[in-house]
Each structure stands twice: as structure tokens, then as C-alpha cells.
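The sequence and coordinates are shown first.

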Amino acid sequence: MDGFQTVAGIGQGPSHNHAHRIFQIGARHLAAQIGRDNARRGSSRHAIYGKRTYPLYLPHLPCPAVNQTQILGVLLGTAVGDALGLPYEGLSPQRARRLWGPPDRHRFWFGWGMVSDDTEHTVLVAQAFLAADGDATAFANHLGRGLRGWLLGLPAGIGGATLRAILKLWLGYPPTHSGVFSAGNGPAMRSGILGAIAADLPQLRALVRASTRTTHTDPRAEYGALTIALAVRHAGRGEVHGPTFHQDLAAHVSDGPWLAHIQQAVTSVTQGETTPQFLARQGWDRGVSGFVEHCIPVAVHIWLSHPQDYAAAVMTAIQCGGDTDSLAAMVGAMVGAAVGPTGIPEVWCQRLWEPMHSVAGLTHLAADLATGRQSPRPHWGTNLLGFGRNLCFLAIVLGHGLRRLAPPYA
Ligand SMILES: [Mg+2]
């Protein structure tokens, strides 16, 4: 039995049809690409979906197929959370509610969603991991190259520290010296995927450090990135227990104040506090900032409160206000690792308007990560398509900016 069929068959019971349909979205495009690869490589196998047969090229599966499901859960969980949260970014919860209503559907562009830097950097991390074959130094070099290319596409949203670091990369600084002193959540928003793909904890730590230092040098940025990656690792293994998670984190992070921040979130959940109550007690009820000491404890709080309910977790994250897209992307990665693609509302996946990071593309990437296979380098036409996509994205972001000049103001 092909690995791909095994993956599609995981969601038995009530969610089976849902599972089947989500995989179908990606399967047709994936099969077409794989078919082209087969033609080049002269090898093929087949998987059957409904009445149709799709060629597959999955010669070796070093990881069990369930790992592919988990990886896709993280990638899709990140992308969908990012896209749902983007229209709400920078708004207070009160104004966001009056301006857009509840985050129960995509509201970026007439019912469609697009992703921002959170998903794009997650994909760059995944691609660097594949290209480096798990080696941290090579990984940092590939990530640095990926970030330099990403900036050329004129992204509409970019953190200040990340921008300065990429400019340093362009000036010739190596990734070990390109980071700037900042504790923004840039490294944390892209580290969730490492929790799903790193072979073991030493490799996870090395990759998180390499990824973080390419753009950020404040140690708290690395603590934040490691906290998210470790949470994804725990979530993927079905280990959702706050005190155990904190204990595990303490084995890797010795910084007392950081551990105290996470402990506050864990204790709050244990005592039955909701996330809005936790925010109010911390004085963050006007929105969560992109500073890691604020957003990471909140992300952990939401994950521990809704470990098996993707929709509730992501909607709670967006309703916190502030840096909603990054918070929803991080929470989406954690819960996505636990529930897999079948736990993510199907319509949220279908309404992702993304030529570059479509469900099909992310499915392909998850398959590559699970098998260690590297896709061929993208055709130059793909880069042109990406540039056109970014221009559309920028126009829509400017439209949102103009809309925010009008009432309601609070
Ligand atoms: Mg973003």
C-alpha cells in the first residue's frame, strides 16, 4: 500500500470524508507535479482517489506516514491562522470586533485569505532544512539565502529587526553575524515547523538557534522560538500537560524570568482562567504586542486551553487583538500538529487564495519533509508569479490601511 493512501486513510469515522476531501484539494496538483518528476526519473507508483488513479513517486518513506500528516497539520495550521488573523493585525479587540466581526471566516479579500511573512518564513525554514539535510550551519546559510531572495519580492509586511538583518545579509554578513539585538517574535513565528521535523532535541535546539540568530540576537527571541518549537513537538506527540511542558522547557532554558512568564500561563490554565481573563490580569486586554515576553506566554495559554480544537484556538488568538496574524500562526502550528489537516475547518483551507503557498503546495512540501526528498528548484516563471502575487497583496494591504482611517475608531 502506498504511503500516500495510508495518509488519506487515517481519518476514519465521522471525519473521514472531511479528511479525504482536504487531501483531494492537494492531491490532484501534487500528483501532477509528481507525475512530471516521475517522467524525469523514469519511475512511478500509483495511488487511487475515487475513480481516478494518480501516479506517485514515493520510493522510500524513512518516517511513518503519520509524520507527514503532522507536518501538514503544522504547515496548514500556520497558513490558515496567519491568513485569518491578518485583517485584524494591529487592532484592539474592541475595534476589530466592530470593524470586521468575529474571525470565523477569511476577511482579507471578499471572503478569501492570503498569508503573510509568518507562513512565508515557515516555508523558507522548511526549504532550508531540506536543502541542508539537517545540518545547522548549512541550514543557516540556506535560510539566509532564502530570506535575501524573499526581500527581493518586496513583501508588504516585515518586522524592523528582520529587515535590518536581511539588509546585513545582502551587505555580505554571514548568517552568524547578520542578526540584530531585538526580542521581536520573528524567529518564534517561523520555528513551529522545526518542532515537527527535527530528528531529536539536540538538533531542534541547534536549528532553532541558527534560525533565530540569522535575524535576532536577544536571547529572549531564541527562548521564544524554542518554546514554540517545543510546544509543537509536545502537541504532535499528544503530550499536552502544562507542568510537564514547563519542566521540559526548563531543561533547555535556564533563564529564570523567561520560565516565570511561561509558568504564569501554565498556572493560569491550571486554575481554570480563560485567555481573556489572563490577558486582563496581565494588562494586555487592548491587544498582544509582538514582543516575545508578551505573545509567547499567550500562545502557550491558548494552546493549553484548546489543545484539540483548532477553530477555537485560532479564533481565541485573533480575538486577543494586536499581533493577531503571528499569534494565530503560532497557535495554529501547535494545535495543527495535534489535530492534523483533518482538524482544520475545510472551508478555511479552501478559501486560501495563494498561488505560492496553496494547500497543494504545502501538501507537496509536507511530503518532501516526510520523505527527505528535495523538489527541483522553482522555474523563473514561478518567481515572476510570486512577484505579481506580492503586488496584489500590497494593494489589498493598502486598501485595509485606508479602511482603517474611517470609523469605527474604538
Ligand atoms: Mg505576519
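F181 is found in the loop that joins helix 7 (160-170) to helix 8 (186-189); helices here are DSSP runs of H or I with at least four residues, strands are runs of E with at least two, and both are numbered from the N terminus. The model is a predicted one, in which local features need pLDDT of at least 70, side-chain atom pairs count only at pLDDT 80 or more, and totals for chains, interfaces and linings use all residues. Residues are numbered from 1 along each chain as its sequence is written.

F181 counts as exposed because it has 10 C-beta neighbours inside 10 Å. Leaving aside residues up to four places away in sequence, F181 touches T217 and D218; a contact requires that the C-beta atoms of two residues, placed from the backbone, lie within 7 Å. The C-alpha atoms of F181 and H216 are 5.7 Å apart in space, while the two residues are 35 apart in sequence.

**Overall composition and confidence**

The chain has 20 helices and two strands. Of its 410 residues, 49% are buried. Among contacts with a separation of 6 or more, 74% are between residues 24 or more positions apart.

The mean pLDDT of the chain is 86, and 83% of its residues reach 70 or more; pLDDT is the predictor's confidence in each residue, from 0 to 100. Among the elements of the chain, the highest mean pLDDT, 98, belongs to helix 15 (residues 292-305), and the lowest, 34, to helix 1 (residues 3-8). Over residues 1-16 the pLDDT stays under 50, and the model has 28 contacts beyond four places in sequence for this stretch. The pLDDT is also below 50 over residues 27-65, a stretch with 54 contacts in the model beyond near neighbours in sequence. Where pLDDT is low, the predicted coordinates should not be read in detail.

**The loop between helix 4 and helix 5**

Which residues does F108 touch, not counting residues up to four places away in sequence? They are A83, L86, P87, G113, M114 and I396. F108 is placed in the loop between helix 4 and helix 5, and it counts as buried because it has 26 C-beta neighbours inside 10 Å. F108 and I396 are 288 residues apart along the chain, yet their C-alpha atoms are separated by 7.8 Å.

F110 lies in the loop between helix 4 (93-100) and helix 5 (117-132). With 8 C-beta neighbours inside 10 Å, F110 counts as exposed.

**Backbone geometry**

F110 has a positive phi of about 45° although it is not a glycine. D133, also not a glycine, has a positive phi of about 55°. D133 is located in the loop between helix 5 and helix 6 (136-152), and it is exposed, with 10 other C-beta atoms within 10 Å.

The peptide bond from P407 to P408 is cis, with omega near 0°. P408 lies in the segment after helix 20 (380-403).

**Two helix pairs**

In the table, axes are lines fitted to C-alpha atoms over the stretch in contact, and angles run from 0 to 180 degrees between N-to-C directions.

| Helix pair | Angle | Axis separation |
|---|---|---|
| Helix 13 (residues 256-270) and helix 15 | about 30° | 9 Å |
| Helix 11 (residues 219-236) and helix 17 (residues 324-339) | about 20° | 7 Å |

The angle makes helix 13 roughly parallel to helix 15, a term for angles under 35 degrees. The contact is made by H261, I262, Q264, A265, V266, S268 and V269 of helix 13 and by E293, P297, V300, H301, L304 and S305 of helix 15. By class, this contact of helix 13 with helix 15 has seven nonpolar, five polar and one charged residues; Ala, Val, Leu, Ile, Met, Phe, Trp, Tyr, Cys and Pro count as nonpolar, Asp, Glu, Lys and Arg as charged, and the others, Gly among them, as polar.

Helix 11 and helix 17 are likewise roughly parallel to each other. Helix 11 contributes I228, A231, V232, A235 and G236 to the contact, and helix 17 contributes M330, A333, M334, V335, A337 and A338. The residues of the contact of helix 11 with helix 17 divide into 10 nonpolar, one polar and no charged.

Conventions. A residue is buried if 20 or more other C-beta atoms lie within 10 Å of its own, exposed if 12 or fewer, and partly exposed in between; C-beta atoms are placed from the backbone. Angles under 35 degrees count as roughly parallel, over 145 as roughly antiparallel, 65 to 115 as roughly perpendicular and the rest as oblique.
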